[in-house]
Amino acid sequence: MGTDRARSATWEASPNIALVKYWGIRDPALNLPYNSSISLTLRRLRTRTTVELAPEGADDRLILNGVSAEGRPLESVRRFLDRIRERAGDRRPAVVRSHNNFPTASGLASSASGFAALAAAAAEAYGLTVSRRELSRLARLGSGSASRSIFGGFVEWRRGDRRDGRDSYARPLFDERYWPAFRDLVVVVGDAREKSVRSQDAMQATVRTSPEFDRRQRELPGRLAKIRAALRRRDPDELFPLIMEECDSFRTVCETTVPSLDYLSRTSRAVLDEVRALNAEAGRPIAAYTHDAGAHLHVFTLAKDARTVRARLRGVPGVRRTWLLEAGPGVRPTHARVP
Ligand code: DP6
C-alpha cells in the first residue's frame with residue numbers, strides 16, 4: 001500500500017541487440033510473442049530513469065532528456081504506470097525523468113533500456129517487491145524487447161505457452177563475463193530515415209500479410225537451438241553465419257510485408273556487402289552483421305579482429321561513426337542524480 005511519504009527511485013538499464021529477433025505478437029494486450037528471441041545486453045549505452053511519486057490529483061509527467069514529453073511517449077508511460085499502480089494499490093501519479101547517454105532518435109533501441117529502467121524504478125517507487133523474473137514480465141508489457149534488458153550478457157526471452165503470459169519472460173543464458181572477447185561494433189549510418197511505424201504495429205502487419213512469416217516460424221526452433229549451442233561452445237565459425245542467416249530471415253519477412261517494410265539505407269546495404277567481403281577474404285567468418293527495425297547495423301566480431309573490421313567499415317561511404325561495445329550488465333539501481 002502507498003504511504004504519504006513521497007518516494008523516489010532511480011535505476012539504469014542498457015539496450016540489447018537481438019541475435020534472434022522478436023517479430024510477431026500473438027497477444028497485443030499482453031505483448032506475447034510468436035517466437036522466443038535471444039539478445040546481447042550492451043555495455044556503456046544506458047538509460048537512467050527516476051520515478052518520483054507526486055501528490056494525488058496531479059498529472060503524470062514524463063521528462064525525456066530534460067524535455068517534457070507529450071503524446072504517445074507520455075501515453076505509453078502512463079499506461080505502464082497504471083499497471084504498477086493497480087498492483088501497488090497506490091493511485092498517486094508520478095514524475096518520470098529519463099535520460100539516455102546515446103541519441104534517442106538514433107534508432108538504437110531506446111525502448112528496451114527505457115522500459116527496463118522504468119519497470120525497475122516504478123516498482124521500487126511504488127513499493128512493490130518483485131523478482132527479476134517479474135520485472136522482466138513487467139518490462140515486456142511496455143516493450144517486448146525490454147523484457148531482455150533486465151538481464152546482462154546473452155539473454156533468452158522464452159515465448160511461453162500460457163494465455164495469461166506468466167511464462168513469457170526473459171532469463172540469462174550466459175552472463176556478461178562469459179565471452180570476454182565478444183564485441184559488438186555499432187555502425188551508425190548517415191542516411192537513416194525516421195521510423196514511421198512503431199515496431200509493435202509493423203510486426204502485426206508482417207503476421208497478417210507476409211507470405212514468408214509461417215516459414216520463418218517453422219525454421220526458428222531449429223535456429224534457436226543451433227545458436228544456443230554455438231554460444232555454449234563460444235564458436236564464432238558456427239555462430240556468425242547463423243546470426244546473419246537470422247538477420248536475413250527477419251529482413252525477408254519485413255520486405256515481403258504489405259506495404260513493404262524497408263528499414264535499410266544505401267549505406268546499410270553497402271555495410272552488409274563489406275561484411276560479406278571481409279569474411280570471404282579471411283576465408284572464415286570474422287564478423288556477423290545484424291540490424292533491428294532501422295538502418296544502423298550491429299556487427300559482431302572478436303577482440304582480435306575488431307581493428308580490422310572497424311577500419312574497413314569506417315571506410316564505407318556514408319558511415320558516420322562506429323562504437324565498439326562489449327557485453328553489459330542488466331538493470332541496476334543507482335544513487336547518482338539524473339543529469
Ligand atoms: C526488430 O519490442 O522494441 O528490435 O515495443 O515497438 O518498442 P516496441 O518494439 P520492440 O521490438 C523489437 C523488434 C526488433 C527485434 C528484437 O529486438 O528482438
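Predicted model: local features only at pLDDT ≥ 70, side-chain atom pairs only at ≥ 80, totals over all residues.
Reader: Which side chains place an N or O atom by an oxygen atom of the ligand?

Author: S145 has a side-chain N or O atom 2.7 Å from a ligand oxygen, and Q200 has one at 2.7 Å from an oxygen of the ligand. For S143, a polar side-chain atom lies 3.2 Å from a ligand oxygen. The ligand exposes 450 Å² when taken alone, and the protein buries 91% of that (Shrake-Rupley method, 1.4 Å probe).

Reader: How many residues surround the ligand?

Author: There are 15 (a heavy atom within 4 Å of the ligand), and the closest are Y22, S111, S145, R148 and Q200. By type, the shell holds six nonpolar, six polar and three charged residues. Helix 4 (residues 199–209) gives the largest share of the shell, three residues; helices are DSSP runs of H or I with at least four residues, and strands are runs of E with at least two, numbered from the N terminus.

Reader: Where does the ligand lie relative to the domains?

Author: The ligand lies between domain 1 (8–178) and domain 2 (182–325), because both give residues to the shell around it. The domain bounds come from an automatic or database domain assignment. The C-alpha centres of the two domains are 24 Å apart, and their contact (heavy atoms within 4.5 Å) takes 35 residues from domain 1 and 41 residues from domain 2.

Reader: Turning to S39, is that residue buried or exposed?

Author: S39 counts as buried because its relative accessibility is 0%; buried means under 20% relative accessible area, exposed over 50%, and partly exposed in between (1.4 Å probe, protein chains only). S39 lies in strand 5 (residues 37–41), and its side chain makes a polar contact of 3.0 Å with the side chain of R148.

Reader: And which strand holds L62?

Author: L62 is in strand 7 (residues 61–64). L62 counts as buried, at 3% relative accessibility. Beyond four places in sequence, its contacts include V67, L74 and V96.

Note on methods. Residues numbered from 1 in each chain as written. Heavy atoms only, no water. Polar contact = N/O pair within 3.5 Å; in protein donor to acceptor, adjacent residues only side chain to side chain. Nonpolar A, V, L, I, M, F, W, Y, C, P; charged D, E, K, R; others polar.
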